[in-house]
Amino acid sequence: MAEFPIEILTPEREFFSSDVEALTVTLPDGLLTVLAGHRPMVAALDPGELRWKKDGEWSVCACSEGFLEVEPGRVRVFVQSCELPDEIDANRAKAAFERESELYARKQSLREHELTRLALARAMTRLAVSGKNRPNL
Amino acid sequence: MSDISDLRQRLAAIAQTRQITNAMYLMSSTRMRRESQRVKYAKEYFTRLRSAVLDIRDNAGGITHPYLDERPGERSAFLIVAGDKGLCGSYNHDVLEFALSEIKKRDARFIETVGRMATLFLRRNGIEPDVEDLGAAHQPTLRSARSIVENLFQFYDDGAVDKVYIIFTRFINAAKSQPTCLKLLPLDLDAFSDIDTHAKLWGDVLYEPSPKAVFDSLVPQCAIGLVFAALVQSSASEHSARMNAMRAATDNADEISRELQHKYQTLRQLSITNEIIEITSGAEGIKQGSEAETQ
């Protein structure tokens, strides 16, 4: 499969930079996979899984909100945080999940609701990617 | 004699202090290097985010966001970033004096502080900060930036303030930093002329799911990125100020201990000479006495 270079940047570090065959990100309305030769695109990312395929193997990580830039010949992902499965603090994510899901059920202003939704999505992604303590949905 | 033991004690004390300042120097120089690395990433992140937002604003047309609209009125919220600790030269003093003059110039309705020194300083000047953010100065994280933004922007969303300012120390290089007041809200995306907008070379761009949705999600992220960059720059400035202060302190300790060592050796030599004189003159006296006896 044709390869293309991707870069994943966060405000704290350069998370990943390499040639890959495919990149899958989470958009507000579902998953999107970018292959080589994709047309120029800018997309907003929701907190969720981010996967890339390199040498026939998929790698997965948990990222929070950010955006994706597809330029001819290059793809860049800017996310607020990005963690590999073994970097995730599953206990913290679990605590966050419990806290936020309780908040989510409450009556909130539209703005608070959106903040809670994002926090909950971050916690759920971390739990799902870390593989332990999957939330029982 | 007491002079000499005093000097000996002072020399030992200075050697101990020097050891501490030297250790602090080494520590802050490592931290400074780490933070200045993070300054680079934070800046890169914000630059790209901003140019993506600008692209949408300039090309999609008619899209706007409450965070970008100017509001009449001067009611302001302030975020003041200083350090948790002293012993860093004039770092805290510079940024806090600057903050005080900015606050007095404007109609401050809400003040949030980062760093213990900021809170103490404002209290000394009769201003009680409304919120104190603990821990964000010591180790700036994205999480602390996010919670600060959520806090501050609530007042803006509720219409309690018209502007949000952030006062921090801009990190220029290891030897130079500059207290800065930046308008966080409404976000003035054209204000950062030092950051070059990337040239739009690739024409027709697809926005997923829609330009408006991308825009709405990117503008708050821009603000978070900006606050994070400010926290990191302040922290880098603090460490570089501490590094310079501690290097100066170590140099001074070296100089004082050299002077004292010199004084100590002179005194010691003097006392030895005196003792020898006493002994020889004593011996001379005894010799003369015994000679007189035999005669």
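In what order do the elements of chain A run from the N terminus on? They go β-β-β-β-β-β-β-β-β-β-α-α. In total, that's 10 strands and two helices. Keep in mind that you're looking at a predicted model.

Now for the overall build of chain A. Here are some values for the chain:

| Feature of chain A | Value |
|---|---|
| Span of the C-alpha trace along the principal axes | about 45 × 30 × 30 Å |
| Radius of gyration | 16 Å |
| Residues that count as buried | 36% of 137 residues |

How does that radius of gyration fit a compact globule? With 137 residues, such a globule would come out near 14 Å, so the 16 Å of chain A agrees with it. As for contacts, take the ones between residues at least 6 apart in sequence: 51% of them join residues at least 24 apart.

Let's zoom in on one residue, Val129(A). You'll find Val129(A) in helix α2, which covers residues 110–130 of chain A. Is Val129(A) buried or exposed? Count the other C-beta atoms within 10 Å and you get 24. Being buried takes 20 or more, so Val129(A) is buried.

Which residues does Val129(A) touch, leaving aside those up to four places away in sequence? They are Glu49(A), Val60(A), Cys61(A), Ala62(A), Pro85(A) and Ile88(A). Glu100(A) gives another reference point: Val129(A) and Glu100(A) sit 29 residues apart in sequence, and their C-alpha atoms are 18 Å apart in space.

Notes. Residues numbered from 1 in each chain as written. Chains lettered and ligands numbered in written order. Predicted model: local features only at pLDDT ≥ 70, side-chain atom pairs only at ≥ 80, totals over all residues. Helix = DSSP H or I, 4+ residues; strand = E, 2+ residues; numbered from the N terminus. Buried ≥ 20, exposed ≤ 12 C-beta atoms within 10 Å, placed from the backbone. Contact = placed C-beta atoms within 7 Å. Rg over C-alpha atoms; globule rule 2.2 N^0.38 Å.
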